[in-house]
Every structure is written in structure tokens, then in C-alpha cells.
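Trainee: I'd like to go through the contacts in this model with you, starting inside one chain and then moving on to the chain pair. Could you take me through it?

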Amino acid sequence: MIKIQDVCFGYNEGQDVLQGLTLEFDQRTTAIIGQNGAGKTTLVKLLKGLLKPTGGDIWVAGVNSKDVTVAQLAGKIGLVFQNPNDQIFKRTVLEEVMFGPLNMKVETAAAKQQALQALEMVGLADQTDVNPHDLGLSEKKLISIASIVAMNTDIIILDEPTIAQDAAGKRRIAQIIEQLSQEGKLVMTILHDMDFVAAHFERTIVMNRGKVVLDDKTREVFSHQDLLREACLDTPYVTQLGKQWGLPETVLTTEELISAMKRPR
Amino acid sequence: MSLIEVEHLKYRYPATEKLALNDISLTAEAGELIGIVGKNTAGKTTFCQALVGLVPHFYKGAYGGSVRIGGMDVKESGVDETIRKVGIVFQNPFTQVTGSKLTVYEEIAFGLEHLGIARQDMMERIDHALHLLDIEAYKDRAPFDLSGGQMQRMAIASVIAMRPQVIVLDEPTSQLDPQGSEEVFRAIQSLSREGITVILAEHKMEKLAAYADRIALLHEGMLIDYDTPSRVFSRSDLAEYGVEAPIYTRVCQAIGFRMLDMDTYPVTLEEAQAAYEAQHSAISASSQEEQGGRYD
């Protein structure tokens, strides 16, 4: 659904943040991990067309991002910003979520329908008339997810969706990702919560200093503790515990670890 | 007398009907590291703001009971007086940085300038804060050129330089990568070693279990429990309060690995490993016994 070839990008001349990335994205749920400054947010802004590569090419659904405007790409790819305050500006939750579809020339009634469905999905259907700025950070984050979901794009990118979420909020985000993926959408997510990545993503891409250092099935990625360390990352807590207890396999969830420990040895 | 004494604290925001804090009483001693846990809307942030006097002085609303820091009643004193004893670090360092200073060094001086601290004393305090938070290398950098972890540590340093007896941190690591949040947790630990009382609202239970002396579990504005991480995280009803115990605890609970006291479950990787080894030596001891029986 997305193909990028030898992509380079730098905010200042002579300082490339991304150094020749080549990647292909299919419908698998994909996590992008890496320390702050590794180039994750820059990469997704390039995919969304907000930045243009200084070298190389990006094709989104077969179209080269250089040949289209951000507005034209907006129908194909949605990006939820890391900080919801950068995204939210309307006076009610419903208006905020309808803003995207309306700008894509969806009829008002249909836009409202799409917005309400998206709000249902994030669990805020009863907050339509509330001013989003009166809500907490975790709810604002869910509103900003709903406003992208309402645009019904084939590709959805989430930048650190689990920030400020409690246990229930994280479960909700996991459900949203799963549901979108079942609808055939590509869900790509930047995350710092390794246990969340392990439990919910099929593919994981590890970035370090503007390069991809690992790109594989999540279980495979979290088997490489040494390479993750080099990228200043660690394996999930549950994986560490399994290793500590001498399990030969890489476990990704508490359920896997519990059943492995109950297994007669 | 304890350093922090909260007695029957009740609070309601203006134009609301529900109590945001409902009859909270607790005490904390100098140098303690207290973790505040609970689901969103449990009252964590409101409680943090009550400790520094933003509740009720900034938000107004209905207030009952008392918060005393080192004997000073927060409600009876102004915020300007309270901040000499209690400092707060917000969730997002961007909301804390003044934006009026060109270097990290000057940013940390900001609070001290407003307290009217003498120049020599200021320099000593700033150097100490830079050292404690391990950001000496960035002292001449522009505040907004720092990474998230560095900026959050600068925000903490600017509060620490004011020499509070208590520092309150409201989810200080939620925006940080794993390395950045580990840096901040280590810095927080060194503060409590210096005798500063740390109050830390946080969702990262694995980190709290490793660093906190006691955990306050809040739910709907009420204090449900206030005890060691082992005791609070071993509660079987934790899920009812929307809190998940550390992964180590959940796994050990499911497979019946207890701590030696038999009442609680491991809350850290080290404890989980110790419980595993204890279990193994028990198994091998009992199987040796069995074998011994067979050969006799």
C-alpha cells in the first residue's frame, strides 16, 4: 500500500534525519519503535506528504507523493498527531470529528454519520456536545483518533496513541487498532510501550539514527535484545521475564508466559 | 509530626456536583517516594494540585479538611508561600518552560530570581540542580532544542533549585521514550535520597514498583489503599479500580509464585526471579526427598 525507495530527508541542509530508507508496507499492523530523535515522526510526516523527501521516492497507493498535494493524499492516508492539542481546534467534539469528512466534500448528514460511528468506536459517543478543550489529555487523544477514523482512509498512522492512557484506555486503543485492521486498513503506529507493541502488532520496525535497523515479525524483532540495546531500546517486560526464567522461546504476552510456565517441563 | 499531613481532604471543582477528592487522609515523611495510581478521573491530578495549593487557590471551588506541609496549612497560605516548600512538575514540559530564557542555565535561574535569591547562592543552587539531574552538558543549550527527556529533567531541575521539601510530579514520563523515562526515574530517586519527599502520579506500574516506597491507590476521589507496592499491587480487587499490577505481579499471581511472606506477589523482575528460584529449590528438595524415599 505504501512503497518508499532510498528516501532521504533533512530539516537542515547537510544534516539528514533519514538516510536512504527503503521500505514496503502491506496490511499487517505495523509498529515503529526507536528512541526520541530516531526519525519516526519525520518518516510518518513524509508518508502523509506533510514533508517532501530531499531524495528518493514515496508511492502511496501507487501515486508518487511528489506528484500530488497534501490535500489529494488526505483521502488516502490519515495521521493522528502525537500531541492532540496540535490537532483539536473546534468548539464541540462532534464538530471536531466532522471537520475531516466535511473537508473531503462528504455531505453534512453523511459526515455526521461517519463522525458518530468513529466516536462510538473510541467510546466518546456520549460527549458530542462537550468542548474538547474541557476534556483530559487521554480523551483528547481519543478525539483526535476519532477525527482521523471518520475520514475513512485506507491507511491510518497513529503517533504514540497510548500516551496518558490508563489500563482501560490502552485496551480501548488495542481494540480500535484491531477493528481498523480487520476492516482491511493499514494501521501503522509509533510507540514507546514495548509490551503494547509485543501484544498487538504483527510487524515491528526498529529505527535508530535515521535508519531501519530491524524490520520483521514482532516476535523475531524482540528476539534480538542486543540489536535493540544498540538502538537504546529494551525488550518488553514480559519478554525479559520469560528470558530470566529460562524459557527458550521469545514470549510476547502475559498469557503466553503463563501457559509456558504451566507447561510441564 | 509528618512532613505532609493530609486530613479529611474534600474538594469539588466550581460548577460541578461530584467531589473530585472525597475524604482523603494520609501522611508522608521526609525522603519518601510516594506513587499515586488510579484510572484516569480517579483524582490523581487534583490531589497533586491540592498539595501545591493550586487547589483551591487557582481553581477555587468547595474545599474541606486540610493539607499541611511542614506544619504550614496550604489553604491558609498563598500559592507564593506554598511554592517555597512544595514544587510541582507538570505532565508536559512544554507547559512548564518559560519561553523567556535563552539557555538551560538561565531557565533554571528563573524561579530563583523571583524568590530574590542572592547571585552567589543562585549559582550554587543551579550547579547542584544541573548535577543532580545530570544535565550539566546542556546548560548552555536553548531550552526548546532539548529532547523530551532532557527538557523534562530541566523542568525538574528548575523546581529543585528552589529547594522545596516536597516535589510533586504529575505523569512526568508519559511523553518520553524508554531511555528518557528511565533517566527521569533515576533522577527522581536521587532526589528522594537527598531527603526530598517525592509525590509521583504515574501509569507505569513496573517503574513505580521498582522505585516507590509507598503507593496511594485512588478511585473516584477516594483513597482506597496506601501501602507498600507489594501490598497494593498484590490486591486481588485491583482491576475494579481500573489499575493493572506490574506484568511481573500478574504473571506470578497466575502461576502462584508468592513472596517468602506468602501474602504478597513479586512486583519487580528481581523479586520474580527470587520467587522462581525459591520455587525451584522447593521442587528439587521435594523431588530429592521422594527419590530418597524410593531408594531407602
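Trainee: Which residue forms a salt bridge with Arg219(A)?
Mentor: Bearing in mind that this is a predicted model, the partner is Glu256(A), and the closest N and O atoms of the two residues are 2.9 Å apart. That pair belongs to the boundary between domain 1 and domain 2 of chain A, where the count is one salt bridge.

Trainee: Where are those two domains in the chain?
Mentor: Domain 1 of chain A covers 2–234 and domain 2 covers 235–265, and their C-alpha centres lie 30 Å apart.

Trainee: And how many residues of each are in contact?
Mentor: On the domain 1 side there are 11 residues, in contact with 12 residues of domain 2. The area buried between the two domains is about 980 Å², with carbon and sulfur atoms giving 54% of it.

Trainee: What about residue pairs in polar contact there?
Mentor: Five residue pairs are found in polar contact across the interface of domain 1 and domain 2 of chain A, counting pairs with both residues at pLDDT 80 or more. On the domain 1 side, the elements that give two or more residues are α7 (194–200), α8 (218–221) and α9 (225–230) of chain A, and α7(A) gives the most, with four residues. By class, that side of domain 1 has five nonpolar, three polar and three charged residues.

Trainee: Switching to the chain pair, how many residues of chain A are in contact with chain B?
Mentor: There, 30 residues of chain A are in contact with 29 residues of chain B, and the two chains bury about 2,500 Å² between them, 60% of it on carbon and sulfur atoms.

Trainee: Which three residues supply more of chain A's buried area than any other three?
Mentor: Those are Asp166(A), Tyr237(A) and Trp245(A), which supply 26% of the area that chain A buries against chain B.

Trainee: Which residue of chain B forms a salt bridge with Arg171(A)?
Mentor: Glu244(B) does, with the closest N and O atoms 3.4 Å apart, and the count of salt bridges across the interface of chain A and chain B is one. Between these chains there are also eight residue pairs in polar contact, again with both residues at pLDDT 80 or more.

Trainee: Which elements of chain A give two or more residues to that side?
Mentor: On the side of chain A that touches chain B, they are α5 (137–149), α6 (167–182), α7, α10 (237–244) and α11 (254–262) of chain A. The residues of that side divide into 14 nonpolar, 10 polar and six charged.

Notes: Residues numbered from 1 in each chain as written. Chains lettered and ligands numbered in written order. Predicted model: local features only at pLDDT ≥ 70, side-chain atom pairs only at ≥ 80, totals over all residues. Heavy atoms only, no water. Domains from an automatic or database assignment. Contact = heavy atoms within 4.5 Å. Buried area = accessible area lost by both parts, 1.4 Å probe. Salt bridge = Lys/Arg side-chain N within 4 Å of Asp/Glu carboxyl O. Polar contact = N/O pair within 3.5 Å; in protein donor to acceptor, adjacent residues only side chain to side chain. Nonpolar A, V, L, I, M, F, W, Y, C, P; charged D, E, K, R; others polar.
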